Amino acid sequence: MASQLLASIGACTIVVSAFIWLRRSPASRILGTLPGPRSPSWVYGNMLQLLCADSYGDYEFRWQQQYGAVYRVKGCFGEDRLVVSDAEALRNIINNPSFGYPPARWKIGNATMSSDNVACVVGEKHRRIRADMSPGFSAQGVRNFLPIFLDVANKMVNEWEILCSPGSSIRLDVAKMMNHGTLDIICTAALGLPVDSVQNPDHPLARTHLDILGAAFVRARAGIVAEFLTTYTPEFMLRLSLHLPIGPTRALLAFKTTTDQIMEQKTQEYKLNQSETNDLLSTMFAASSKTEVTPAQVVHQIPLLLVAGQDTSANVLSWALLELARHLDFQHSLRQEILAHKRQGVEVEYDDMPLLNALLKETLRLTPAGPILERMATEDCVLPLSTEITTSRGTHIRELPIRKGQIIFLALAAYQRQEPLWGSDAHEFKPSRWLEGDPCTGPALGPYAKLLSFLGGPRVCPGWRFALLEMQVILTELLAKFSVSLPKNNVIRARLSTVQFPVDNEGAKGLHLTVERLAN
Ligand code: HEM
């Protein structure tokens, strides 16, 4: 009797499982048949290879060559995720509001910054805050910040001149100076808060800010699982966890306390009509009555502006200096271009400097600050593909059904290294490709140079013009006075935290270059 019962239960289980399996959505059925690497661990899936590789892209760029522009990887605890670098699919995702941030990202953003920051709001609220930012980030708006950019760049030059007499050289962590310079720029130009950390690296705001960059230093094993668990953690618990007595949360809490104080100070200045500065925040206050953004919402952008506007530019600058140190002939030609423009004695027209802009484009192509972003489908949908995929069943598909809740990695750096689009030398640093016409056979998906480094669509980086001008000015001022070269046996690798940054042979953060002050 018991064995008959067991047999019936077994048969029922098989029938029900078969029914569920047959009734799976087309998206789930196809997902399982997509190509992709074997997962080495149930706990981490492929996440350590993808996000914590010794050198960013070690696995990912190989997987793209092996499996194509859309493939499947395993997330934590057996979850299926997609990695996408197909142009049509990317275009669709970045322009389609059905793709938002995964819950973990919202929650972390809300808990550590503010719930009204532009990266964490959607729909009409997002559109209004973006409209409020746009005068300050327009071509003219950004041009108004030029005196600030020049002032900070000249202070950076002065600091290096103090360390190095004409004709001599010194080994320096140039990444540190890029961090201080870009922090001073974002604080002064965006927030109207002169910090001057280039000359005063121990300024409390600089210390707090650079501490959180240290806390986010490397995406570690624990961080990968913590991020996964965050999805299921209530927000109030995340806020409470900020008070845990451990290094990273201490740094986050100190950052939150400092930015709360700045928000309070800016609110008071606004109420008393005291702010006489011409910074981005002031342009946002001025536009807010038209855009229906409240003063509270304006100040809530402060923590995000500090985070999004500093680390990104600082690291792109570091990568550009590294490429110059590796390519001395190009550095020499670029210096000639810079000196020729400076000799003209009028305001430098940065967009008319082909080599400077080729350097920035090539650096942003190979080492974009955010090489891989995450999105989640908030409803079932279908992704068009520019290149056919062959599933493990031999079916060829041109459209990929996506189920609600699917997490997708937007592989921006891999997209910018696709050989069919960028040529067989796509992995090489070759700024000359930008001087010889259109270097990419693909579509322009982002705002700048067919690149996706600033993303595109409604969430395109609003600060892209700001970042470009800031980087043009800093490089022009530094390279007019100094040359950079690689110290012997110095292997630099890219690691990923919130952005990709350089580490040395021992895995320590920083970019040590030999800086030589040119003879007058
Ligand atoms: C080289 C420098 C920079 C790069 C490569 C860069 C790249 C990006 C990318 C890829 C995103 C989209 C992130 C996502 O949706 O997941 C983004 C968003 C953003 N960036 Fe930038 N960025 C840079 C500099 C700046 C600067 C200087 C500012 C401000 C002064 C800024 C402000 C922002 C803001 C506020 C967002 C959120 C936009 C939104 O969600 O609507 N960025 N940036």
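Q: Is the crossing of H10 and H17 left-handed or right-handed?
A: Right-handed, in this predicted model.

Q: What angle do those helices pack at, and how far apart are their axes?
A: H10 covers residues 174-191 and H17 covers residues 302-326. They pack at about 145 degrees, with their axes 8 Å apart.

Q: Why quote both an angle and a distance?
A: Because two packed helices are described by the angle between their axes and the distance between the axes.

Q: Which residues meet there?
A: From H10, the contact includes Val174, Met178, Thr182, Leu183 and Ile186. From H17, it includes Ile302, Leu306, Gly309, Ser313 and Leu317.

Q: How does that contact divide into nonpolar, polar and charged?
A: The contact of H10 with H17 has 13 nonpolar residues, 6 polar and no charged.

Q: Switching to the ligand. How many residues surround it, and which are the closest?
A: 25 residues surround the ligand. The closest are Gly309, Thr312, Cys461, Gly463 and Ala467. Gly309 is also one of the H17 residues that meet H10.

Q: Which one gives the largest share?
A: H17, with 7 residues of the shell.

Q: And the shell by class, what are the counts?
A: The shell around the ligand has 17 nonpolar, 6 polar and 2 charged residues.

Q: Now strands. What is the order in the open sheet of 3 strands?
A: S4-S12-S9, with antiparallel pairing.

Q: Which strands stand at the edges, and why is one side of each left without a neighbour?
A: S4 (169-173) and S9 (482-485) are the edge strands. Each has a single partner strand, so one side of each has no neighbour in the sheet.

Q: What does the twist average?
A: It averages 35 degrees from one strand to the next.

Q: How many bridges pair S4 and S12?
A: S4 pairs with S12, residues 512-517, over 5 bridges in the antiparallel sense. As an example, Ile170 has Val515 in S12 as its bridge partner.

Q: What about S5, how many bridges join S3 to it?
A: 2 bridges join S3 (residues 99-100) to S5 (residues 372-377), and the strands run antiparallel. Gly100 has Met376 in S5 as its bridge partner.

Q: And S5 with S8, parallel or antiparallel?
A: Antiparallel, over 5 bridges, with S8 spanning residues 407-411. There, Leu373 is bridged to Leu410 in S8.

Notes: Residues numbered from 1 in each chain as written. Predicted model: local features only at pLDDT ≥ 70, side-chain atom pairs only at ≥ 80, totals over all residues. Axes fitted to C-alpha atoms, helices over the stretch in contact; angles between N-to-C directions. Helix = DSSP H or I, 4+ residues; strand = E, 2+ residues; numbered from the N terminus. Left-handed = near helix turned anticlockwise from the far one by under 90°. Contact = placed C-beta atoms within 7 Å. Nonpolar A, V, L, I, M, F, W, Y, C, P; charged D, E, K, R; others polar. Pairing = 2+ DSSP bridges. Near = placed C-beta within 6 Å.
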